[in-house]
Structures are given as structure tokens and as C-alpha cells.
There are 2 protein chains.
Amino acid sequence: MKTYMECSRDELLSLKASLEEQFCTEEAKGHSFNMARGKPGASQLAISMPMMDVINGDSDMNTLLGNDTRNYGDWDGIGECRRMMAAVLDVKKDNVIICGNSSLNIMYDTVVRSMVKGVNGSTPWCRLDKVKFLCPVPGYDRHFKITELFDIEMINIPLGEDGPDMDMVEQYVNHDEAVKGIWCVPKYSNPTGITYSDETVRRFANLKPKAEDFRIFWDNAYCIHHLYDDKQDEILNILEECEKAGNPDMVYVFGSTSKVSFPGSGVSAIATSLANMDYIKKFMTTQIIGHDKINQLRHVRFLRDMDSLKAHMGKHAALLRPKFEAVLNTLESELGGLGIGTWTNPRGGYFISFESMPGCAKAIVEKCGQLGMVLTEAGATYPYGKDPQDSNIRIAPSFPTPEEMKEAAKLFTLCVKLASVEKLLADMDA
Amino acid sequence: MKTYMECSRDELLSLKASLEEQFCTEEAKGHSFNMARGKPGASQLAISMPMMDVINGDSDMNTLLGNDTRNYGDWDGIGECRRMMAAVLDVKKDNVIICGNSSLNIMYDTVVRSMVKGVNGSTPWCRLDKVKFLCPVPGYDRHFKITELFDIEMINIPLGEDGPDMDMVEQYVNHDEAVKGIWCVPKYSNPTGITYSDETVRRFANLKPKAEDFRIFWDNAYCIHHLYDDKQDEILNILEECEKAGNPDMVYVFGSTSKVSFPGSGVSAIATSLANMDYIKKFMTTQIIGHDKINQLRHVRFLRDMDSLKAHMGKHAALLRPKFEAVLNTLESELGGLGIGTWTNPRGGYFISFESMPGCAKAIVEKCGQLGMVLTEAGATYPYGKDPQDSNIRIAPSFPTPEEMKEAAKLFTLCVKLASVEKLLADMDA
């Protein structure tokens, strides 16, 4: 098979005509697909509906320790929920605080707290001339939005197969006092699906930050979100590694059940050192009397322990796999060998990351939009929405059905082909 | 009857001996009562348990508009919940954002946002040399803790029968640019139970703040929390009054169902102008994808509309009244005519405010502690925990049973008497 790059101008023109015809045909059909966000599909939501039955009007509402979940108290979460989320995040119960329905909100609060009052007594970031965060790219747009909102300068760090470019990370963190944090999705990364290698985690733990208030924001959003039973990524325990390396306070670990039970109605958690927790406590107990403990109880009574949690996640995986496979098979059959795109083949998480030819991502997403297909905005996976190569597109296959996903993937490849041909022709004419 | 002030030294000494004997007797009994916080009692929690049945594993989880509450979306709350909380707060639905389980958290977020990024584009408060808040006293300790945490200077404003001293409020707000806010619990005030008069509300609405970023923090926590069917306070609509006065953006109204359904598992709301909402949206949509919409749905399906809400609040009132009456009757029978204390007789809310002789509150609370009775710390109703007269004590009668409350109130009066006698004797000796 000939790649597009090997085609002559005339071949490309003829290809373009044919693709445009297909495009018009599809446009006329009035499709409607949404692959923009990591939203679980209806079939996934259904598997957590029994959770709505574990608490009813006659239920005992007390925790194992006898505290009434219906009243004020237990600001850091009920014991059994702390224990469960500790198991999920592979940390000790005493290092866990259960929060509300959103781990993003904990991250936001953590950044805001550091802005106004500093980190464990350091100078508040809002008093500094410059605060910088490292941003492995492509990454999660909502992380970048938080640091952007607070005028924190974001620095792109290339994300490879084993994690962020650690030479660059070390260079920045160990020598620039303005670097106060780094956003990480260490397992089944959003959007590339990679998992940090043991060496990467150890190099993180062994950073020698120039800034005492430097923190790793370790968003372990997909820690138990495997797609396969037999092919699963494992990741080293960052809290333990930081402790071993003499950096016990350097990391905040975040997680939630948003993609275990229900997005927006789950429980979230932060895991960190006891010293960090002491500092956080001062703020959190001023901010709120306590989070929703009834929902914590509901989750524990439904999800129970790691064995049943794994079984539950297996059901999610069984529903997600065909959607991922529909995309991956279509990408392979339609684009394989054409040289106009590469993509990831993740073993977990919620996304497939697509790399087009440089300068084509925006055009592809725009064309998809014309066909009635909503994708994450091109550029969103980079700070400030600026993808320097204009090549990364995040595909979220979870929401449509597998059949829809197959059709949508086909349309996507059509847009990739057309945008690529147009780009190649434009380059020839330039 | 002779007041304590009219007693001779010998009479006081003899009184003291007798009170000390009673105190020892009670101390030996090992009582255990908690009247520290506005926690609903077990019987109150029970009346909301049917809410646990309105959603089960077979329920339709869609909003009236057909949005799935189990998935991401509706960052500002589901329509029917916005409508319900708008009715509760006496505002329009379009002016309401539904948040998480805690209105305190919304207030905290509002202060923090203003610290880091200012108010609708004003200079961030953290960049100013001085930021001040007015604090009607006695007031709610958790309000004061928020402003204290962020080093905002708090200024005491005496709270009378009709609300804060508005001459003082106007003097500060209209002439001091550093004054950026005021904490208000305008109805069934915490702890005195008073409701702001129409004139007070109108004077609030007609403030001419020196600072463009001055805001009224209107915590309408007890807006539908009446104790009686026939004696109910009404309050003017502050949002409307501010609009009429040409100050549409000057107020944030807060409320929640914490004392309607379950403390810690309710829904909270902020109501404010559309311009303020636009600004808040920028932050809130970065902070969180959305709040717990299943819990919103659960609340709407259980509480339904204002008629059923009023009936529901009537059940709370029926349970609370005997507790309040137990305290009030005991205070009257034990302390009436002694001249050593005054107290409020609220028509709603969660507290009775007790004023001892100056310099006795700490001693009373300490003595109560010795008898196994936990009260809100003396001073807590003032900024920085400093009650200049050392006279205010907040009594929260909601948690114990009426029988317990009667016994506890008796013990409380014993401690009041003893502390007062000790104070009078000490003053004589000084």
C-alpha cells in the first residue's frame, strides 16, 4: 500500500474528489455522535443501579463504629469508606480523606489553598511573581484549566510510553524554584492510556525540588479501570516511594469512584502524608462540616471490598472493550499503512489518543463536527488549548454504543483522510 | 424575689455553699449531654428516612427535561431542584445554582475566589493591604472561622432585635474601602433567633459601598425553619430590594436542606444576580464537572413543592418545640428574677442565646463541662472567639431528647448560678 505522502499531486486530487463525495453523502445523513468526554454509557450506568437499593427507608444508617451517617461528624469520611478508598488507591487508611463527589474539586481546592495560604506554611503562591506547573502532554484539559484560571504558567513536558520526559522534569523541578507542581495521570493516562514505568515513579519520588512547596498532583483516576482481565498495568506506590526517598510530603494522590459507580454521584478521596493531612485539615474543617456520609455508606455497602470491586470493574471492562475495539479495528482497517496517523492501544482508562499529521487535528475535528460528531476540541489536551503540532485528538469511545462507535470511527477516519489530503495538497502548493 | 446583686456577702456565701453541694451531687452522677452544635435529633432524622425510598434500583433517573442524573452534566443543578430551592429562598429559579451538600462550602469558595481573583474583575483581595468583614455579634462561629483563616480583619457589629446596628454598618460600608463583606444570618439568626426587620433589609439594600467589590453574605440558613405554626417571622426579599435600590450585584444568598433532610447529605444553593452567576460560573465549571444530581433528584422527589416542604418542616417544628420549651421553662423557673441572665425566645432556627452577667460565660461553660455537658465554647459566637463581655452562650437544644434537655437545662442553670455567685463575691473582694 502506498502512503499518502508517496502519492502524486494528481493521485491526491483524485483521492480528494472521492473523499469529498463520501463526505457529502455522510453529511446528508445527519449523524449525531458524542465522543467528547469520558462519559460512561447507559449500559455502564445500569450496572451500578443496584447501589440505589442498598440503603432504603428502613436501613441501619450507622457506620461500623456506630456513628450516624445522617448527622454531622466524621469530616474526613466514615472509616469503612476510607478503608475502601485506601485499598483502591493502594495506600493506608490513615492517609486518606474522603471528600465530595469530585476529585477535580479536591485538586482545585488544593491549588487554591496553596495560592492563598501556601503549602504547609510556605509563602502563598499569590504573593510570588511567578508560579509554574509542569504539564505532561498530551494531558487532561481540566487539570490545565485549573492552573490557567489561577494564572499559573504551564510548561509542556512530552509524555512518552513510560511517562513524562524525566530528564526535563528533573531539570525543571530541581533547579527552578518557581516550579511548584506537576499534573500527572500516572495510570492509563488521559488521553494516551500509558502507565508510568517503575523507573519513572522512582525518579519522581527521588526528585530534589528546588522549591520546598513543590508537589506532585498524582491523579490516579483510572487506577482500577482495566480494559482486560489478562493484560493489566501495575504501577508503583508513589506514596511509599516518596517516603523511601525522604520526600514523604511531596505528593498528593487523588482518586474517585466517578467511573466506578456514577459520574457526579460518587465519592472522591485524597491520599497524602500525615503532615500534609494536618495542614489540609485546618482548611477542610473550616470549609465544610463534613462530606456526604450517606453516599459514602451507600458506596461501601454496594462495592464492599477489593474482590467485589474488581468484579464490578470487570463488568465495566466488558462493556467498554467492544467500543475500544470498534475504534481500534476501524482505525487499523481504514488508516493502516496510509502514514497519516498513529494511535494508542490502551489497556485501561477511557481514551484513545490519535496523532494526525502535523497541522491536521483542528481540521479533522472541524470536519467531524460537520458530520454531526462531537469530539474533544483539538488542542484541549495541551495547556492553553494550544497543541504546538496541531496533531493530537482525544477519542472518548465510552458513551456511544459499540455499533454507533463503529460507525463514528468510520466517519472519523474519513475526516482524517480528507484533512490529510487537503494538507498535503496545500503543502505542495505552498 | 431578691436578685443576686441585692444579696449581701454572707447571703452569697451561703448560696455558694448550697450550690456547690448541688454541683458535687450532680458531678457524681456522671451526666453526658451535648448541646454544642445545631445537630438535629434522632427523631428528626427519622422523618426524612422515607427519602431513602424515593430512588431505588428500578427508578427512572432522568430529570423532567430528560437529562440522566447519573451522568455528567447540569453543572448548576437539575432544573427541578433549582426551582425547589428558588422557592425555599424566595428567589427566581434562574438566579439559583445548586451546589454540593454544604452551603458553608459555597461561602468558603466565595471568599477564596475573591481572595485569589477578586469579585467580578476587581483586584484580588490577597493583593490588598487590608480586607475587612463586618460581623454582627453574637453570630455564627463557622462564618468567622472562614474570614479568620484568610486573615480578613473582622469588626464586631452589635446585633439587636431588628438586625445589626445599621448606623454602624452604613458608616463602615459607605466610607471604608477595605470593608468587603458582612456575614448575615437574617432570619432566626444564629444564635439569637432574631429576624431582620423590613427597615433593616431595606437599609442593607440601599447601602452605598465605598468598595465596588463589597458583598453581603446573606446566609438564609433558617428561612423555612419555624418553630410555631402561628408565630412565624417573615423577611423581605433581599435580592429584589437590592435590585430596586440599584445594587443588583451586592448580595449572595445561601441556603441548604441540611436541617430539612439530613445534615451533611442535603443540597445547598447560592442565589444571586445573573452578573454574579456569570462570574461564578467561570470558577465553578473549572472546579467541578457538576454536583451530585442523584441527590438533587432524591430531594425533589421527596420534598416535592412548598406545600409538602412546609408540612415536612412542621414535623421538625413539632419535634423541636418541646426541646426549646424545656430550656425556656427551666431558665424562667430557675433564673427568673435573679438578675443573673437573660435569654432569647426564638420563633425559629436552632438556638437559644443566653446572656450571663459580664465575665461569667467562660466559667459557666467550664462548669457545664465538669458536669458532663458539652456547650459551644464560650466566645465562639464572636470573631476570634473573643466575646468582649464574656457573657454570651449559645444553647443548641436540638440534639438531646426533651427529657434530657429539661435535665440539661436544670444543670445549666445551676452552673449559671454558681458562676454568678462566684463572680459577685470575687468582685466584692477585689
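Colleague: How many salt bridges does the rule find across the interface of chain A and chain B?
Modeller: It finds 2 there. This is a predicted model, in which local features need pLDDT of at least 70, side-chain atom pairs count only at pLDDT 80 or more, and totals for chains, interfaces and linings use all residues; side-chain values use heavy atoms, leaving out hydrogens and water. Residues are numbered from 1 along each chain as its sequence is written, while chains are lettered from A and ligands numbered from 1 in the order in which they are written.

Colleague: What makes the meeting of B:D151 and A:K117 a salt bridge?
Modeller: The term needs a side-chain nitrogen of Lys or Arg within 4 Å of a carboxyl oxygen of Asp or Glu. The side chains of A:K117 and B:D151 meet at 2.8 Å, N to O, so the pair qualifies.

Colleague: Which element gives the largest share of the side of chain A that touches chain B?
Modeller: Helix α4(A) does, with 8 residues; helices here are DSSP runs of H or I with at least four residues, strands are runs of E with at least two, and numbering starts at the N terminus. In total the contact (heavy atoms within 4.5 Å) takes 58 residues from chain A and 58 from chain B.

Colleague: How do you know that the two copies are related as by a two-fold rotation axis?
Modeller: Chain A can be laid on chain B by a turn of 180 degrees and a shift of 0.0 Å along the axis, with an RMSD of 0.0 Å. The superposition is by least squares on the C-alpha atoms of residues with pLDDT of at least 70 in both copies. The copies are thus related as by a two-fold axis. In chain A, the C-alpha nearest that axis belongs to A:V116, 3.2 Å away. The same surface serves both copies, since 100% of the contact residues of chain A recur in chain B.
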